[in-house]
Amino acid sequence: MKIACLFAGQGAQYPGMGKDLYEKYEESRRVFDAAGEKIRSLCFEGTAEELRMTENTQPCVYTVTMAAYEAFLARFEKEKKADAKITAMAGFSLGEYAALTAAGVIADIATGVELMECRGKYMGEAGRNEAGENIGTMAAAIGDPQKVRDCVEKARENGILVAANINAPTQTVVSGDVDAVARFGEIAKEARLRVTPLSVGSAFHSPMMEPASEKMRSLILTKEIHPTDFPVYSNLTARPISEYRKGDGACGADGCSTDGASGQENMSPRAPQTAEDIADAMALQLMSPVQWVKTVENLKAAGVDTVIEFGPGKTLCGLVKKIDKTIQTYHVENAETLEEVLSALCEQ
């Protein structure tokens, strides 16, 4: 059994998340204590409205995700079945930071929380005008992905509009300025695509995030970063981030190309990865499409047959099933689901 640990992104947060993990598991308490009183209070007592604010959502989801993972890992390592092995990790958008923390690339929880707080703040700022109004938004389109891309091209005009999250074979999220997304909605309906506006604060994973991207690159370079060969799959390339080197990605109107990271097996050996390489990949991630379909396909090609999603909700499990029904899915977000997964994967 080859297991990939998946780490949740933004959108499934809810008031009270993580509280029972804190109450029942020492490992989870350590995570919340490292995150600090502010994050703990927001997770346990914050309102739905407070948790929807990007600068709150990101550190809170990160903390709950890591609390679930650490509690699981402590038991799994002691009790797992002989054939069960964690062989890869991946996270959706902010979840990639949790994956990097779990793999030891980001040094500790406190560093991860700081990165998430700043990332949420920078992204919020990048998506507002001088009057503080949101100038970007996103929408989910259900249907043929080529039709979605065609509609994006027709609707963009002189604005910002990209296919931002490639979530499933028939589910694509578009991101851009408010007017361009509205045009896309009309054109997409004519093309018989189902479009649902998303309640988000800006055009995430689009060129609108460039100011946030540059700030994150600079911030990450001030932190303790440890490159690793353990496979942590990147949103940017859909391949292990260890393969990425600065300069592999080039951003344009449709996101970032990553030709240099897609054919490593055909290239001569490269220099060891540095913290600067990781900072570059994570900065570009902010303004580039999330390649989730390719990520799951590459995990399967690497032998992964089981995934466990950590964090609030089970959105990623649902997407995995839409991409490949043969992959077994589990999710851990509270004490009940943690015990269920341990029962399935550990010796009893």
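How many bridges join β4 and β5, and in which sense do the two strands pair? They pair in the antiparallel sense over six bridges; two strands count as paired if DSSP finds at least two bridges between them.

## Basis of the model

This is a predicted model, in which local features need pLDDT of at least 70 and side-chain atom pairs count only at pLDDT 80 or more, while totals for chains, interfaces and linings use all residues. Residues are numbered from 1 along each chain as its sequence is written, and side-chain values use heavy atoms, with hydrogens and water left out.

## Sheet

Four strands form an open sheet in the order β4-β5-β3-β6, with antiparallel pairing. The edges are held by β4 and β6 (194–198), each with a single partner strand, so one side of each has no neighbour in the sheet. Direction ignored, neighbouring strands are turned by 25 degrees against each other on average. Strands (E, at least two residues) and helices (H or I, at least four) are DSSP runs, numbered from the N terminus.

Within the sheet, Ala168 stands opposite Gln171 in β5. Helix α9 (residues 178–190) packs on the sheet and touches β3, β4, β5 and β6; contact means heavy atoms within 4.5 Å. The direction of α9 makes about 140 degrees with that of β5. Another helix, α14, lies across β4 and β5 and runs at about 80 degrees to β4. Axes are lines fitted to C-alpha atoms, for helices over the stretch in contact, and angles run from 0 to 180 degrees between N-to-C directions.

## Largest pocket

The largest pocket has a volume of about 890 Å³. On a 1 Å grid over the protein atoms alone, a pocket is an open set of points with protein on both sides within 12 Å along at least five of seven lines, and lining residues have an atom within 4 Å of a point. Grid points are joined across faces, edges and corners, and a volume is the space filled by probe spheres set on the points.

Its lining has 37 residues, of which Gln10, Gly11, Ser199, Val200 and Phe204 lie nearest the centre. Elements that each supply at least two lining residues include α5 (54–79), α7 (109–126), β4 (161–168), β5 (171–177) and α14 (315–323). By class, the lining has 14 nonpolar, 17 polar and six charged residues.

## Largest cavity

One cavity of 30 Å³ or more is found in the whole structure; a cavity is a set of grid points where a 1.4 Å probe fits but cannot get out. The largest cavity has a volume of about 30 Å³. Its lining consists of Tyr97, Leu100, Ile106, Leu115, Ile220, Ile225, Ile278 and Met282. Two or more of the lining residues come from each of α6 (95–102) and α12 (275–286).

How values were computed: Ala, Val, Leu, Ile, Met, Phe, Trp, Tyr, Cys and Pro count as nonpolar, Asp, Glu, Lys and Arg as charged, and the others, Gly among them, as polar.
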